[in-house]
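Subject: Structure handover and findings

Hello,

Please find the sequence and the structure below.

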Amino acid sequence: MAYCTEGHESTSTDYCDICGAPVNGQSPTATPLPTLCPNCGTPSEGRFCENCGHDSALPTPPEPNHSEHNRPPDVTEINLPSGADGAGGPGGAGGSGAGVWVATISADPAHYARMRAQKGPDLERVDFPDYYPDRRIALVGPNVLIGKRSVSQGVHPDIDLSVAPADIAVSRSHAILHLDAGGVTVTDLGSTNGTCLNDSPEPIAPKTPVRLRPGDRIHVGGWTTITVTIESE
């Protein structure tokens, strides 16, 4: 007897004749096969891989083609839709479907040095991580919260910086990215240590949106840098 994905016995072998769910041929007590991360191959549950941080919502990269004539364009070569500051729209907003905005989170020693020199709140207790592989997250708008997850406070950031090793100088609700037809803006939400851009030691004004260009770097916490780019689909 075949079983559907909802656990019903089914005489049909393609779709359940009780609920219409696909039939997987397994007993409802059978242990399901784990989902493997497409980036590192380890078992993974949910959107983000706990081993390498891969975001399963990112577009599948194209097969490599080493022909110079067929080489895919670099980010700076992509024709972005017109908009404020020349930045393209998210996922085709603006009318051209140019690409997908992606945030790359990394541990930045230069930002760490600047913040240590400023001796702001919490920074004496901030240590630079020994190992922090870059994480890439596709930005799905219109609003993308940057911060640290807190179940008790009901805070669930889209860019969750509580993943170990966590930057303790990042606020729970630190900043927010907003995607619109003009591109992406960043707004500091009144964070304790502020939000800086492109190696500047001066934080942006809180509660004030700032328009970003592809390649701009957002500095938060004691050592975290988020680089926003746009990638072809």
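Is R136 buried, partly exposed or exposed? R136 is partly exposed, its relative accessible area being 32%. Here buried stands for a relative accessible area under 20%, exposed for over 50%, and partly exposed for what lies in between, with a 1.4 Å probe and protein chains only.

Before the rest, a note on the source. This is a predicted model, in which local features need pLDDT of at least 70 and side-chain atom pairs count only at pLDDT 80 or more, while totals for chains, interfaces and linings use all residues. Residues are numbered from 1 along each chain as its sequence is written, and side-chain values use heavy atoms, with hydrogens and water left out.

Salt bridges

R136 forms a salt bridge with E231, with 2.6 Å between the closest N and O atoms. R136 belongs to strand β4 (residues 135–138) and E231 to strand β12, so the pair ties together parts that are 95 residues apart in sequence. E231 is partly exposed, at 23% relative accessibility. A salt bridge is counted when a side-chain nitrogen of Lys or Arg lies within 4 Å of a carboxyl oxygen of Asp or Glu. Helices (H or I, at least four residues) and strands (E, at least two) are DSSP runs, numbered from the N terminus.

Searching the whole structure gives five salt bridges. Another of them joins R211 and D180, whose closest N and O atoms are 3.1 Å apart. Since R211 lies in strand β10 and D180 in strand β7 (residues 173–180), this pair ties together parts that are 31 residues apart in sequence. R211 is partly exposed, with a relative accessible area of 24%, and D180 is partly exposed, also with 24%.

R114 and D199 meet through their side chains in a salt bridge of 3.6 Å, N to O. R114 is in helix α1 and D199 in the loop between β9 (195–197) and β10 (210–212), so parts that are 85 residues apart in sequence are tied together. R114 counts as buried at 19% relative accessibility, whereas D199 is partly exposed at 36%. A network of salt bridges links R114, D199 and R217.

Helix α1

Helix α1 covers residues 109–118, and its buried residues are H111, Y112, R114 and M115. These residues sit on the same side of α1 because they cover an arc of only 165 degrees around the axis, the arc being that of the directions from the helix axis to the C-beta atoms. P109 and A117 are exposed on the other side of α1. The buried residues of α1 pack against β11 (217–220) and β12 (224–231); contact here means heavy atoms within 4.5 Å.

At the N-terminal end, α1 is capped by D108, which has a side-chain oxygen 3.0 Å from the backbone nitrogen of A110. After α1 comes K119, with a positive phi near 55 degrees.

Strands β9, β11 and β12

β9 and β11 run antiparallel and are joined by three bridges; I218 in β11 is the bridge partner of L197. β11 and β12 also run antiparallel, with four bridges between them, and H219 has T225 in β12 as its bridge partner. Two strands pair if DSSP finds at least two bridges between them. β11 and β12 form a hairpin with three residues between them, and G221 in the turn has a positive phi of about 65 degrees.

T195 is in strand β9 and counts as buried, at 0% relative accessibility. The side chains of T195 and H174 are joined by a polar contact of 3.3 Å. A polar contact is a pair of N or O atoms within 3.5 Å; within protein, one must be able to donate a hydrogen and the other to accept it, and residues adjacent in sequence count only if both atoms are side-chain atoms.

Nonpolar core

The largest nonpolar core has 30 residues, and those with the most contacts inside it are L139, I159, L177, V186, L212, I218 and I226. The elements giving two or more residues to this core include α1, β7, β11 and β12. Such a core is a set of buried Ala, Val, Leu, Ile, Met, Phe, Trp, Tyr and Cys residues joined through side-chain atoms within 4.5 Å. Leaving aside neighbours within four places in sequence, I159 is in contact with residues including A103, I137, L177 and I226.

Regards
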